[in-house]
Amino acid sequence: MSVCPCNSLKKLEECCGPFLAGEQLPPTAEALMRSRYTAYVFEDYPYVLKTCHQSTRPSEEEFDDGQAVKWCGLEIMETEAGGVGDDEGIVEFIASYRAKGGILGLHERAEFVKEEGQWFYVDGDMVKPPQAVSDKVGRNEPCPCGSGKKFKKCCR
């Protein structure tokens, strides 16, 4: 009785286990997202492929199974719709993984659709991190005092 890798803090048997075993269908887009992550952790790639929408499902030859990485954490950032009564939903998540000696994160807004009572992953857009903002003014930037001069020639 282990804890589910999807970070739900539930036991695997009470969370993603029944979905991976084919005993139940995930009731929400988020539940499908969590089960797909768990499938990657357990290298259950047939489940990952089976839960891709037919319009975007890669062939087995095209599928990148991610074997070069070790999945080490999932954080659900936000969900939009994707509930039991919905037919579409979006789940924003960060999946952490270890590769090439470091820990990296896959930050994605994933689109899901429900057809005939079953949720499918359609596609996702990578979320770019916000640009770093610094209070430090560069020497050649306009001076923040509003003089119109370069910082290095004004208030520096």
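This is a predicted model: local features need pLDDT of at least 70, side-chain atom pairs count only at pLDDT 80 or more; totals for chains, interfaces and linings use all residues.
1. Glu92 itself is found in strand S2.

2. Is Glu92 buried or exposed? Its relative accessible area is 12%, and because buried means under 20%, Glu92 counts as buried. Setting aside neighbours within four places in sequence, the residues in contact with Glu92 include Glu75, Ile76, Met77 and Glu78, along with His107, Glu108, Arg109 and Val127.

3. Now step back to the sheet. Four strands make up an open, antiparallel sheet, and their order is S1-S2-S3-S4. Strand S1 (70–81) and S4 sit at the edges, each pairing on one side only. From one strand to the next, the twist averages 30°.

4. Have a look at the pairing of strand S3 (residues 102–115) with S4: the two run antiparallel and are joined by eight bridges. Within this part of the model, Glu108 stands opposite Met126 in S4.

5. A helix belongs in this picture too. Helix H2 (residues 29–41) packs on the sheet and touches S1, strand S2 (88–99), S3 and S4. The direction of helix H2 makes about 170° with that of S1.

6. Finally, visit Lys153, in the segment after strand S4 (118–126). With 63% relative accessibility, Lys153 counts as exposed. Pro142 is 11 residues from Lys153 along the chain, and their C-alpha atoms are separated by 9.5 Å.

Key. Residues are numbered from 1 along each chain as its sequence is written. Side-chain values use heavy atoms; hydrogens and water are left out. Buried means under 20% relative accessible area, exposed over 50%, partly exposed in between (1.4 Å probe, protein chains only). Two strands pair if DSSP finds at least two bridges between them. Axes are lines fitted to C-alpha atoms, for helices over the stretch in contact, and angles run from 0 to 180 degrees between N-to-C directions. Contact means heavy atoms within 4.5 Å.
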